[in-house]
Amino acid sequence: MEKGLVYFKGMADGVRIYLHDTAPMYEILDELEQKINANRAFFGDGNCRISFSGRPFTGGEKQRLTDAMAVMLPLGRVVFDAPKQKRSDTDKWLNEYREKHSNAAADAREEMEAEEDEEKPAEQEEFISRFRSNRARLFQGILESGGELYSDGHLILIGTAENGSELRAVGNIIVVGGLYGSAHAGCNGHNGSYIIAMDMRPERLAIADITETYSYIDESEKIFDETETKRSFIDKFKKKKEPADEQEENKRNSSYSAVALCKNHKIELDNFTIHTFTNPKNMI
């Protein structure tokens, strides 16, 4: 295998890794693993920004490099330097033509185009880094306050994450129950990860490096608790709940079902309704 396919350079915000521009990706990955293992001290604890440069990258190459770094340096945040755009021959010809044959009409047209560009809102470009893996950690039960769960792939919790608990995953987080603590999906920088919960009332959510805090006051549950004692005596004589009561309870229990996604550099919650379970706090 040809040597010198991978070079490291320390930067103020992390490490830049230069890759050979024509070598096959499988050879680059082999040498990359060898050099990282031989220079662990150079990366410290690995919690740094790791940028790849030196060649244009296809979507498949970005995914292979991202997956490899998730194994070799799990705490690293992987980014890819955009290749410099070369000016096309057409652009060059147009610029020369404008310089030689500029006139009042051309100036007016350029002025009109500039005004139109100012009126148009700037489009936000966002690179979605999706984590694809067949690794997942499954936990069943109640995660008490102060408890932590981590997965180097996806994380699935069947139960409840209480206030003060924390869920962290390199990939996605799925809670089949109540999420009342903190959850951090895509903790290695994958902003295409998501968090989904049957009862989404967290203290804090994070996807990649974007964080949101929340505060919930559920007035419906407060009213329900106050009237529960009064209704308990009557409920003893009821053989079964009326269909309307069941629909109302399901609606109350599923009103906070949501999936958290990263959109336009912020976390947004998309709600959905579920009528297939009772109280998510009791799902163990």
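Helices (H or I, at least four residues) and strands (E, at least two) are DSSP runs, numbered from the N terminus. Keep that in mind as you click along.

Before you start, note that this model is predicted: local features need pLDDT of at least 70, side-chain atom pairs count only at pLDDT 80 or more, and totals for chains, interfaces and linings use all residues. Residues are numbered from 1 along each chain as its sequence is written, and side-chain values use heavy atoms, with hydrogens and water left out.

**Stop 1: Y7**

Select Y7, which you will find in strand β1 (residues 6–11). (Buried means under 20% relative accessible area, exposed over 50%, and partly exposed in between, using a 1.4 Å probe and protein chains only.)

Now show what surrounds Y7. Leaving aside neighbours within four places in sequence, Y7 is in contact (heavy atoms within 4.5 Å) with R16, I17 and Y18. Next, turn to G4: its backbone oxygen lies 3.1 Å from a polar atom of the Y7 side chain. Finally, pick L32, 25 residues away along the chain; the C-alpha atoms of Y7 and L32 are separated by 8.7 Å.

**Stop 2: the largest nonpolar core**

A nonpolar core is a set of buried Ala, Val, Leu, Ile, Met, Phe, Trp, Tyr and Cys residues joined through side-chain atoms within 4.5 Å. The largest one here has 23 residues, and I17, L19, L32, F52, L65 and M69 have the most contacts inside it. Colour β2 (14–19), α1 (25–38), β3 (49–53), α3 (59–72) and β4 (77–80): these elements each give two or more residues to this core. Which element gives the largest share? That is α1, with five residues.

Zoom in on M69. Beyond its neighbours within four places in sequence, M69 is in contact with L32, I36, I50, F52, P74 and V78.

Apart from this core lies another, of 22 residues, including L179, A183, I210 and I267. As background, nonpolar side chains tend to be buried together in soluble globular proteins.

**Stop 3: two loop residues**

Select A208, in the loop between β12 (204–207) and β13 (210–213). A208 is not a glycine, although it has a positive phi of about 55°. With a relative accessible area of 10%, A208 is buried.

Then select N264, in the loop between β14 (258–263) and β15 (266–271). Phi of N264, also a residue other than glycine, is positive, near 50°. N264 counts as partly exposed, at 47% relative accessibility.

Note on methods: A polar contact is a pair of N or O atoms within 3.5 Å; within protein, one must be able to donate a hydrogen and the other to accept it, and residues adjacent in sequence count only if both atoms are side-chain atoms.
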